[in-house]
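Student: Could you take me closely through the part of this protein that surrounds the ligand, and then say how the rest of the chain is arranged?

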Amino acid sequence: MAEPTQQVHYIQPAVLQQFVHRILTGNGVSDEHAKVITQCLVQADLRGVDTHGSNRIPSYMKRIRQKVLNPSATPQLQQVTPAAAIVDAQNGFGFVAAHMGMQKAIEMAQVFGIGLVSVKHSNHFGMSAWLVQQAIDAGMMSLVFTNSSPALPVWGGKSKLMGVSPIACGAPAGKERPFILDMAPSVAARGKIYKALRRGEKIPTEWALDAEGNMTDDPAKAIEGVMLPMGGPKGSALAIMMDVFSGVFSGSAFAGNVTGPYDPSKAADVGHFLVAIKPDLFMGLDDFKSRMDYLYQRVVGSDKMAGVERVYYPGEIEQITHEKRLVEGIPFTEAEIKGLNEEAELAGVKKLNYV
Ligand SMILES: NC(=O)c1ccc[n+]([C@@H]2O[C@H](COP(=O)([O-])OP(=O)(O)OC[C@H]3O[C@@H](n4cnc5c(N)ncnc54)[C@H](O)[C@@H]3O)[C@@H](O)[C@H]2O)c1
């Protein structure tokens, strides 16, 4: 893809964190919930998942103003069995309900080896990897599924039915990097099209079709059309799998009925499915970790195909970006900062300063 045509400014993570927190609390989110949401968004920015970071603030705040997302909702947790619980997000932020759900899953896994949490009546929770990281920080393996609004045709279909719903999972390691897989079942996440639109860039033609079913490199036309599933029927099946576990199972919307982020008529009603697993269920923890380290070394030490300089482990590129951006700051284009500052103005809070 072409490099951004606009000038880029680097914002320090702590500055961005305070700014995002201000906007959230200025829109009726409690300090406690704003801390969770801010951490998730800035973590996405740090990991280079720019499509699912602070730039999403305007779309979330718009839903609050449209009264289809409740900024002050308190998620309700109900224990179902000793190892299973359900969270009713009460149409609050997906970040808050999913954070609570993963915390509960971890606590159950610490006692029973596995903890399973279903989340219903929720909203978009951004980058799935932050939940995988939450589990890794507690020393846990995890599965993180969500459904989302229609963007993708099922294999053989021509109109949007399934969401570009990411499948994510992870496992801690010893001295090497943890395993973090976080992928949308489309050729590219829809957020990458919105990012290209914001930045005035073109997109690769294999990402999406326009409304007439033609390949396009124009992000505006792609948004009117459909995303393409990765691997044909396999990507389509993974999107359906996310809907079975997150939508059907939880009692949330499913089968094309999750409300899109730009439809102000009703709540999104997203569902999530979160599992935490104790990695030392079947062997000692040291054994598990050294086997994970060995796997990492085998993967990155693989013989390289022609033209490849370095083989990366899933999640590794994002972790390297995270380390780099912690030092250098997070790049934002002028248009992106302008969009965020418009939100600061609407919320009546201090704008983001940049040079
Ligand atoms: N909440 C939602 O509804 C929603 C919907 C869609 C996407 N998303 C988020 O969008 C983000 C982007 O998704 P995506 O599918 O575009 O991700 P991606 O294609 O950038 O990466 C997918 C996976 O492949 C790995 N990977 C990428 N390049 C690699 C390489 N060269 N070597 C080894 N591994 C590599 C990454 O580490 C990652 O685990 C994710 O964080 C996802 O959670 C969220």
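Tutor: The largest share of the shell around the ligand, three residues, is supplied by strand S9, where strands (E, at least two residues) and helices (H or I, at least four) are DSSP runs numbered from the N terminus. This is a predicted model, in which local features need pLDDT of at least 70 and side-chain atom pairs count only at pLDDT 80 or more, while totals for chains, interfaces and linings use all residues. Residues are numbered from 1 along each chain as its sequence is written.

S9 spans 179-183, and both this strand and helix H10 (316-328) give at least two residues each to the shell. In total 27 residues surround the ligand, the closest being Ser-148, Pro-166, Met-183, Ala-184 and Ala-189; a residue is near the ligand if its C-beta atom, placed from the backbone, lies within 6 Å of it. By class, the shell comprises 15 nonpolar, 10 polar and two charged residues, with Ala, Val, Leu, Ile, Met, Phe, Trp, Tyr, Cys and Pro counted as nonpolar, Asp, Glu, Lys and Arg as charged, and the others, Gly among them, as polar.

The ligand lies between domain 1 (1-65 + 316-355) and domain 2 (73-186 + 231-300), because both give residues to its shell; these bounds come from an automatic or database domain assignment. That assignment also gives domain 3 (195-228), and the C-alpha centres of domain 1 and domain 3 lie 24 Å apart.

Elsewhere, Ala-135 is in contact (C-beta atoms, placed from the backbone, within 7 Å) with residues including Met-102, Ile-106, Gly-170 and Ala-276, leaving aside its neighbours within four places in sequence.

Definitions and conventions
Two residues are in contact if their C-beta atoms, placed from the backbone, lie within 7 Å.
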